[in-house]
Amino acid sequence: MEQSRSVHSIAEQYTEGHLIALVGEEDTIVGFLLAGIGERTGKEVNFAVVGHEATEEEIMSHIERFIVREDIAIILVTFEAAAKIKQFLVHYHSFLPVIMEIPSKYHGYNPDEDEIMARLINAFGSSSDEHLNTLTK
Amino acid sequence: MSGKDRLPIFPSRGAQMLMKSRLKGAQKGHSLLKKKADALQMRFRMILGKIIETKTLMGEVMKEAAFSLAEAKFATGDFNQVVLQNVTKAQLKIRTKKDNVAGVTLPVFECYQDGTDTYELAGLARGGQKLAELKKNYQSAIKLLVELASLQTSFVTLDDVIKITNRRVNAIEHVIIPRIERTLAYIISELDELEREEFYRLKKIQDKKRIARKKQEEEKAALGITEGGQYAANLLDEGDEDILF
């Protein structure tokens with residue numbers, strides 16, 4: 001039912017040409033750049049290398065730079081960087097661009113530390129725990 | 001609460017009709033909103049399952065991608081700077097679409113290939129196979145992440161909208177409809193009272209009229225007697241009948 005409806009309404013509504021931005025440590029960025037998400041427009045690039053010692057202000061300045069750009073639809077932030085700007089992420093509710101945390105080379109994915117996962121559990125209370133367990137197992 | 005909480009309206013037949021139609025409207029709105037909430041909830045559950053699935057998958061894919069990066073580096077040597085310097089045009093881009101669920105717009109992202117691979121001739125000397133594998137791994141990671149981005153925004157939006165809709169449903173069910181019902185009850189009781197008053201008034205008037213008519217008739221009767229033999233009576237007892245009693 002749902003399939004047929006979405007097929008019907010494709011084509012006319014798509015807006016194309018959005019980019020993915022990246023904030024994180026070097027290796028993760030290099031990996032994604034090789035996949036082909038990097039773009040240079042003049043002097044501006046859509047990724048920012050932030051090391052382990054990067055401060056909150058530094059990361060925030062990069063994020064803000066990407067948020068005001070209209071061609072960016074998704075901002076990926078590696079886990080270490082995201083942990084430093086948690087305050088901002090918790091209150092960020094905008095549609096475009098979407099900010100997403102991604103696991104980095106040094107830090108694997110852990111559902112317990114994910115902000116969205118926390119909200120998932122919040123939204124469904126204790127019942128979702130069982131749900132979570134059945135799905136993650 | 002209590003019986004005092006009602007709409008400030010003058011109790012009349014017109015107001016009663018108005019309230020009745022309002023009650024109907026509120027009930028219709030309530031059922032429609034409830035349907036909307038159900039539709040959203042259904043979608044929400046679906047997204048919830050998908051998010052958890054994709055998130056765990058994403059964790060694995062990213063781990064694999066990071067591992068293949070290390071492998072490629074081992075084969076090729078450190079190419080970080082070469083890659084960072086040679087950024088030109090994005091090859092993977094995103095298109096966005098707006099999906100509509102029961103009047104709520106949800107963003108849908110989709111990634112697509114645009115142009116050719118910039119790193120084909122980027123001066124990376126060796127390890128072509130490992131690099132190709134690395135690219136493929138990261139590309140699949142991006143596909144997953146983009147999918148996850150749509151799910152995640154849908155989730156956040158739906159969460160908000162469902163809360164608002166549920167609040168509305170509850171407000172209509174527990175505040176608006178009871179208030180209208182109380183108003184209706186008030187109008188009906190008030191109208192009943194008016195009716196009783198009116199009835200009593202009519203009875204009273206009828207009573208008064210009857211008495212008045214009786215009096216008139218009596219007077220008339222008295223007059224009629226005198227009328228019949230006015231002159232005779234006048235002549236006979238000169239109207240001082242009372243004195244006789």
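Figure 1. On one side of α3(A), E57(A), S61(A), E64(A) and V68(A) are exposed. I59(A), H62(A), I63(A) and F66(A) of α3(A) are buried. Seen down the axis of α3(A), the buried residues fall within an arc of 95°, so they line one face of the helix. The arc is that of the directions from the helix axis to the C-beta atoms. These buried residues pack against β1 (15-24), β4 (47-49), β5 and α4 (79-84) of chain A. The helix spans residues 56-68, 13 residues, and reaches 18 Å from its first C-alpha to its last. That is close to the 18 Å expected at 1.5 Å a residue, the expected span being 1.5 Å times one less than the number of residues. Helices (H or I, at least four residues) and strands (E, at least two) are DSSP runs, numbered from the N terminus.

The model is predicted: local features need pLDDT of at least 70, side-chain atom pairs count only at pLDDT 80 or more, and totals for chains, interfaces and linings use all residues. Residues are numbered from 1 along each chain as its sequence is written, while chains are lettered from A and ligands numbered from 1 in the order in which they are written.

**Figure 2. Confidence along chain A.** pLDDT is the predictor's confidence in each residue, from 0 to 100. Chain A has a mean pLDDT of 72, and 66% of its residues reach 70 or more. Over residues 1-11 of chain A, pLDDT stays under 50, and the model has 1 contact beyond four places in sequence for them. Residues 126-130 of chain A also stay under 50, with 3 such contacts. A contact needs C-beta atoms, placed from the backbone, within 7 Å.

**Figure 3. The largest nonpolar core.** This core has 69 residues. Those with the most contacts inside it are I74(A), I75(A), L76(A), M100(A), I142(B) and L145(B). Helix α3 (residues 128-228) of chain B gives the largest share, 15 residues. A nonpolar core is a set of buried Ala, Val, Leu, Ile, Met, Phe, Trp, Tyr and Cys residues joined through C-beta atoms within 7 Å. Neighbours within four places in sequence aside, L145(B) contacts L76(A), M100(A), I102(A) and M58(B).

**Figure 4. Where chain B touches chain A.** Here 49 residues of chain B are in contact with 43 residues of chain A. On the chain B side, α1 (13-76), α2 (80-85), β1 (92-101), β2 (104-113) and α3 each supply at least two residues. That side divides into 26 nonpolar, 11 polar and 12 charged residues. Ala, Val, Leu, Ile, Met, Phe, Trp, Tyr, Cys and Pro count as nonpolar, Asp, Glu, Lys and Arg as charged, and the others, Gly among them, as polar.

**Figure 5. I172(B) on helix α3 of chain B****.** I172(B) counts as partly exposed because it has 19 C-beta neighbours inside 10 Å. Neighbours within four places in sequence aside, I172(B) contacts A26(B), G29(B), H30(B), L33(B) and I177(B). I172(B) and L33(B) lie 139 residues apart along the chain, with 9.5 Å between their C-alpha atoms. Chain B as a whole has 4 helices and 2 strands, in the order α-α-β-β-α-α from the N terminus.

Terms used
A residue is buried if 20 or more other C-beta atoms lie within 10 Å of its own, exposed if 12 or fewer, and partly exposed in between; C-beta atoms are placed from the backbone. Two residues are in contact if their C-beta atoms, placed from the backbone, lie within 7 Å.
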